[in-house]
Amino acid sequence: MNTIETHRQIRDGNPAARRTLRMAVASVTLLALAACNTVSGAGKDVSSIGHNVSRGANAAQQGITNTTGASSH
């Protein structure tokens, strides 16, 4: 079956073709939603790592300041 025949079947109301099209659209939509959720989770992970690095740097700076009595400002 070629593309033109498929379009004709969908346009003319072939139930099987319409069902196939609906399933394809639903699948793509679900995959897109899952990808958004995954990207959001990855962003939260990267943000968490950044906060942890920042906290570690602040703790190291505070430790140096306490040990040497030097001020960072």
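Just after α2, Gly-69 takes up a positive phi of about 75°. The model is predicted: local features need pLDDT of at least 70, side-chain atom pairs count only at pLDDT 80 or more, and totals for chains, interfaces and linings use all residues. Residues are numbered from 1 along each chain as its sequence is written, and side-chain values use heavy atoms, with hydrogens and water left out.

**Secondary structure**
- The protein contains two helices and zero strands; helices (H or I, at least four residues) and strands (E, at least two) are DSSP runs, numbered from the N terminus.
- Helix α2 covers residues 15-68, a run of 54 residues.
- At 1.5 Å a residue, helix α2 should span 80 Å, and its end C-alpha atoms lie 79 Å apart, which agrees; the expected span is 1.5 Å times one less than the number of residues.

**Overall dimensions**
- The radius of gyration of the protein is 28 Å, whereas a compact globule of 73 residues would have one near 11 Å. The radius is taken over C-alpha atoms, and the globule rule is 2.2 Å times the number of residues to the power 0.38.
- Along the principal axes, the C-alpha atoms fill a box of roughly 85 × 15 × 15 Å.

- Of the 73 residues, 1% count as buried (under 20% relative accessible area; exposed is over 50%, partly exposed in between, with a 1.4 Å probe and protein chains only).
- The protein exposes about 6100 Å², of which carbon and sulfur atoms supply 63%. Accessible areas come from the Shrake-Rupley method with a 1.4 Å probe; for residues, only the protein chains shown count as cover.

- Gly-43 lies in helix α2 and is partly exposed, with a relative accessible area of 38%.
- Gly-43 is 27 residues from Ala-16 in sequence and 41 Å from Ala-16 in space, C-alpha to C-alpha.
- Val-25 is also found in helix α2 and counts as partly exposed at 48% relative accessibility.
- Between Val-25 and Ser-47 there is a separation of 22 residues in sequence and 33 Å in space, C-alpha to C-alpha.
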